[in-house]
Structures are given as C-alpha cells and as structure tokens.
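Here is a short briefing on one protein model.

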Amino acid sequence: MVILGLHFGHDASIAIIRDGEVLLCVERERLTRVKHALTLSSQDIQTCLCDVGLTIDDVDYCGLTSTQAVEYVFLDRTS
C-alpha cells in the first residue's frame, strides 16, 4: 500500500509511505529555497514520486492537511 501525504500549510511538505516504511519526506522550501513555502505544485508531487520510483497510479491513498486557513484550490490548466 502506498500513501501520499500532502501538507499545504506553513512549511508545505510531501511524504510517501509504502507498506509502513517512509520512502520520502521533504518540505517544499528544500525544493524552492523559499523559507516557509506555503503551497505545493503538481510538479513537486511528480518529482517526489519519481525520486522513489513510483507514479501517481501507484498511490492507493492520499492524505491532505493544512495548518493554515487555506482552501484547497486545484487548477486544471488544460481547460
């Protein structure tokens, strides 16, 4: 089972867990060099999945959280 954890609040981060083992956990500020980065992009998620040899199709569950009063807004740039 693969779980993708996404934190959109203060110090936004991504975690990937497979069968109870943490494969990756990274704060977005490490990717962007912006202190206390608040958002995630689809490219951040793709990069992290690729780093551990997975694709979005391998993900069984996704957990979302935020520490801020931030609404989750997902844009479909193809429409």
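Helices (H or I, at least four residues) and strands (E, at least two) are DSSP runs, numbered from the N terminus. By that rule, His 7 belongs to strand S1 (residues 2-7). This is a predicted model, where local features need pLDDT of at least 70, side-chain atom pairs count only at pLDDT 80 or more, and totals for chains, interfaces and linings use all residues. Residues are numbered from 1 along each chain as its sequence is written, and side-chain values use heavy atoms, with hydrogens and water left out.

**Overall layout**
- The protein has 2 helices and 4 strands.
- Read from the N terminus, the elements run β-β-β-α-α-β.
- Of the 79 residues, 32% are buried. Buried means under 20% relative accessible area, exposed over 50%, and partly exposed in between (1.4 Å probe, protein chains only).
- The accessible surface is about 5500 Å², and 52% of it belongs to carbon and sulfur atoms. Such areas come from the Shrake-Rupley method with a 1.4 Å probe; for residues, only the protein chains shown count as cover.

**The sheet**
- The 4 strands form an open sheet with mixed pairing, in the order S3-S2-S1-S4. Two strands pair if DSSP finds at least two bridges between them.
- Strands S3 (21-27) and S4 (61-65) stand at the edges with a single partner strand each, so one side of each has no neighbour in the sheet.
- From one strand to the next, the twist averages 10°. Axes are lines fitted to C-alpha atoms, for helices over the stretch in contact, and angles run from 0 to 180 degrees between N-to-C directions.
- Strand S2 (residues 13-18) pairs with S3 in the antiparallel sense, over 6 bridges.
- Ser 13 has Glu 27 in S3 as its bridge partner.

**His 7**
- His 7 counts as buried because its relative accessibility is 13%.
- Leaving aside residues up to four places away in sequence, His 7 touches Ala 12, Ser 13, Leu 40, Thr 65, Ser 66 and Thr 67. Contact means heavy atoms within 4.5 Å.

**Helix H2**
- H2 lies across S1, S2 and S3, at about 35° to S2.
- Within H2 (residues 42-51), Asp 44, Ile 45, Cys 48 and Leu 49 are buried.
- Down the axis of H2, these buried residues fall within an arc of 130°, so they line one face of the helix. The arc is that of the directions from the helix axis to the C-beta atoms.
- Ser 42, Gln 43, Cys 50 and Asp 51 are exposed on the other side of H2.
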